[in-house]
Amino acid sequence: MDLNRLDRVTETLWQIPPSGAMRVPGRLFANEELLRDMDDKVYEQVRHVASLPGIVGAALAMPDAHSGYGFPIGGVAAFDPDAGGILSAGGVGFDISCGVRTLHTGLKTLQLAEIRTALADRLGQKIPAGLGREGHLRLNTREIDAMLVGGARWAIEQGYGEAADLDRIEEGGVMTGADPDQVSTLAKTRQRGEMGTLGSGNHYLEVQRVAAIDDPVIASLYGLAEDDILVSLHCGSRGLGHQIGTDYLKRMLAEAPGHGLRLPDRELACAPLASDLGRAYLGALRAGINCALANRQILTHLTREVFAEIEPAARLSLLYDVSHNTCKEEEHAVEGRRRRLFVHRKGATRAYGPGHPSLPEALRPAGQPVIIGGSMGTSSYILAGRGAEQAFASACHGAGRRMSRQQAKRRWTGRAVIEELAGRSILIRSPTLSGIAEEAPGAYKDVEAVVTAAEVNGLAKKVARLEPLIVIKG
DNA sequence: ATGTCC
């Protein structure tokens with residue numbers, strides 16, 4: 001990105017002053033090196049988002065931002081329903097409510113040594129992964145609708161997990177306001193066999209060790225200590241979320257002229273919050289959120305079964321489950337006034353600060369766990385949210401791509417990546433090799449630089465750094 | 001991200 005077009009506010013905060021159709025400024029949270037390396041398209045996309053009706057404050061890009069469909073991935077934008085604000089399918093992303101759940105195992109690094117290969121093999125067998133891969137259960141129409149309303153609570157009622165899990169899931173495991181009637185039959189049909197599956201792309205299940213503690217006080221509140229073994233699951237709403245995105249993008253594009261919307265880019269198709277289409281998408285989006293929550297819950301159950309088989313001493317309990325592809329109705333202070341806003345976070349994580357009433361009691365003094373998945377073979381981070389209003393209580397979500405999937409495939413082979421990781425004692429289990437090349441660590445930004453930029457800007461605080469030991473990939 | 005184009 002050409003830095004000459006930006007105003008430098010601080011070392012790690014840059015501004016795009018409003019011009020043309022922009023209603024608010026654009027703000028990028030990143031250091032100079034991350035910004036120089038960032039796709040020029042991010043600049044254009046932030047400007048486009050800043051021109052949408054009802055946007056409040058600024059259009060934001062997190063330090064891991066890269067170009068996406070319409071909105072950048074790593075983008076945050078808040079809209080006021082009472083000021084003509086909109087909902088955008090491209091502002092949420094196709095993988096509705098994609099997110100990460102991290103579990104404690106109760107095990108330490110030394111206990112893992114002799115079971116590591118068996119654990120990798122068994123997880124690889126039991127966790128369905130890969131494009132179009134179906135899972136262990138098949139739902140009928142009525143069960144799909146119950147799942148879309150009940151989220152993780154539905155999954156627990158079906159026997160996948162424990163009631164205590166709900167406390168550690170965003171929204172208590174159930175997103176209210178879901179409307180299965182606004183989800184197409186095709187979307188539901190695609191999902192019938194895909195519950196409890198990982199999917200492909202950057203989705204994964206990792207067994208990790210806590211390699212370093214950055215904040216001992218918060219780590220202790222989170223129940224984290226050095227050499228603890230954790231499991232992290234990164235996945236979303238599979239075919240259902242993708243189909244909802246496709247369906248509503250088409251409708252939003254068709255109906256935009258009727259709503260008087262002039263779009264700077266057709267990929268920014270959207271609908272006013274105060275419209276039938278806006279309300280329909282909101283109901284479908286919330287159903288998609290429940291699908292992702294139920295999916296991660298079922299995968300948690302499968303993971304528990306594998307650990308129980310191989311190491312009966314293990315006890316898998318949730319640290320937290322948080323999405324990074326979503327739009328949520330939240331209250332935020334804007335220039336000293338509380339306003340009800342719809343915050344789009346696409347490749348960005350909610351990062352509520354200490355004391356936020358929606359956090360479980362045990363975590364409330366520390367702030368919300370913000371789970372940052374690194375690329376395959378590099379570190380992940382647990383951060384603590386700071387509730388920074390300049391970012392509508394948001395932070396980054398991962399390392400963020402620095403290279404397209406096509407570029408990555410030209411540069412690496414899956415086999416070479418697996419061998420390189422094996423050299424560092426990281427075990428990979430995946431049904432495909434081509435997917436591995438696309439996810440080569442070199443195709444991603446430096447996750448350490450990303451989380452540092454988030455921390456310096458006061459969005460979230462580093463708590464623990466995690467290193468992968470076993471990776472199950474789609 | 002995605003039965004990578006109904």
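Helix α5 passes helix α10 in a right-handed crossing, that is, one in which the near helix is turned clockwise from the far one by less than a right angle. Helices (H or I, at least four residues) and strands (E, at least two) are DSSP runs, numbered from the N terminus. The model is predicted, so local features need pLDDT of at least 70, side-chain atom pairs count only at pLDDT 80 or more, and totals for chains, interfaces and linings use all residues. Residues are numbered from 1 along each chain as its sequence is written, and side-chain values use heavy atoms, without hydrogens and water.

The axes of α5 (residues 116-126) and α10 (residues 276-310) come within 10 Å and cross at roughly 145 degrees; axes are lines fitted to C-alpha atoms over the stretch in contact, with angles from 0 to 180 degrees between N-to-C directions. Contact means heavy atoms within 4.5 Å. Among the residues that make this contact are Leu119 and Arg122 of α5 and Val306 and Phe307 of α10.

Strand β13 (residues 337-346) runs antiparallel to β12 and is joined to it by 10 bridges; two strands pair if DSSP finds at least two bridges between them. Thr326 stands opposite Arg345 in β13. The two strands form a hairpin with two residues between them, and Glu335 in the turn has a positive phi of about 45 degrees.

Ser237 lies in the loop between β9 (228-235) and α9 (238-255). Ser237 is buried, with a relative accessible area of 0%. Leaving aside neighbours within four places in sequence, Ser237 is in contact with Asp95, Ile96, Gln191, Gly288, Cys291 and Ala292.

Methods. Chains are lettered from A and ligands numbered from 1 in the order in which they are written. Buried means under 20% relative accessible area, exposed over 50%, partly exposed in between (1.4 Å probe, protein chains only).
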